[in-house]
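Subject: Structure handover

Hello,

Here is the structure you asked about. Please open it alongside this note. My findings follow below.

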Amino acid sequence: MVINIADILAFQDLNMPKIMGLNPANRKCGITKEMILKAKAEHPDYNRYQLAKHLNCSEQTIDRRLNGNNIRGGKYAPGTHVKLVGGNLESYAYEVGLFLYDKRIWHKDPAWANSRWTTNTLKAVSETEDLYIFWKPGEYEVNRNRLTPKEWKEWGYRQIWEIPSVRANNIHPAMFPIELASRVIRLYTDPGDIVLDPFLGSGTTAVAAVQCNRHFIGFEMMEKYAEIARNNIANVVPSLDLQENSPLLESTLKNKTPNIRSSLFDNL
Ligand SMILES: C[S@@+](CC[C@H](N)C(=O)[O-])C[C@H]1O[C@@H](n2cnc3c(N)ncnc32)[C@H](O)[C@@H]1O
């Protein structure tokens, strides 16, 4: 089993202090602390809502300027904190009998460098994602013939895979590059094997599987993405008869095996 995931993810956390870094360069409101203190001296009975009205700004601005607290995500929504996810994945997998075998790193490009999410933070732009490879105990082959000697040298035994991310995420917001799926499929499976992606999205894994002469099974819960996946798969295998109006995409490669899905589940 291979899981592709970012190394850190943001989780909602009620205990997270809701203080955000001040960003003077990004300040949109011209009201300064001195202006508020002056207004306060003139109207000592005003609370911060009245001061806000008087100075024509928000009460958050009054609070931020006076108390230095910038409230992340507003006052009432829970804060978010970032967590490393690899350890949790390893524990969950271990609990169901899967052992961590290896980890590779997909080095992409700083695609979000100029987005509004990254200009208001001192955090690094995410340029890597992890690939966790788990082993389900049983026999497996170390078949060096799956790749050419050149491929082994370039990426087969390399821990870091340099693959540009998909820039035009216009048909699905979280597509990964087909090269990423192809490398995983070619390294860990043989031609004719079945590749299952439970989160198929636009169908990248299925397209890669077909192109690498593997069978595939895919699940996608959102009909609009399942439709995109069907179209993308049909582009590489026009003769494929994918089930209409079903979230389950199921194929046989070149009409060879009529009932891949049940045979796969029998073996799981
Ligand atoms: C990160 S995207 C996968 C994108 C895909 N790798 C690609 O290149 O297009 C995850 C997808 O999983 C789908 N999904 C999430 N939970 C699901 C579930 N429980 N069952 C089936 N699909 C699910 C989402 O709708 C989303 O399209």
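Two strands count as paired if DSSP finds at least two bridges between them. Please keep in mind that this is a predicted model.

Start with β7 and β8. Strand β7 (residues 194-197) and strand β8 (residues 215-219) are joined by 4 bridges and run parallel. Leu196 has Ile217 of β8 as its bridge partner. Between the strands, the chain passes through helix α7 (residues 204-211), and this β-α-β crossover from β7 to β8 is right-handed.

Which residues of β7 are buried? Val195 and Asp197 are, and they point to one face.

Now the open sheet. Its 4 strands are ordered β1-β5-β4-β6, and the pairing is mixed. β1 (2-6) and β6 (160-162) are the edge strands, each pairing on one side only. On average, neighbouring strands of this sheet are turned by 25 degrees against each other, direction ignored.

β1 pairs with strand β5 (residues 128-135) in the antiparallel sense, over 5 bridges. There, Ile3 has Tyr132 of β5 as its bridge partner.

Two helices go with this sheet. Helix α4 (residues 86-95) lies across β1, β4 (99-107) and β5, and runs at about 15 degrees to β5. Helix α6 (residues 178-188) packs on the sheet and touches β1, β4, β5 and β6. The direction of α6 makes about 150 degrees with that of β1.

Best wishes

Methods: Residues are numbered from 1 along each chain as its sequence is written. This is a predicted model: local features need pLDDT of at least 70, side-chain atom pairs count only at pLDDT 80 or more; totals for chains, interfaces and linings use all residues. A residue is buried if 20 or more other C-beta atoms lie within 10 Å of its own, exposed if 12 or fewer, and partly exposed in between; C-beta atoms are placed from the backbone. A crossover is right-handed if, with the strands pointing away from the viewer, the path from the first strand over the helix to the second runs clockwise. Axes are lines fitted to C-alpha atoms, for helices over the stretch in contact, and angles run from 0 to 180 degrees between N-to-C directions. Two residues are in contact if their C-beta atoms, placed from the backbone, lie within 7 Å.
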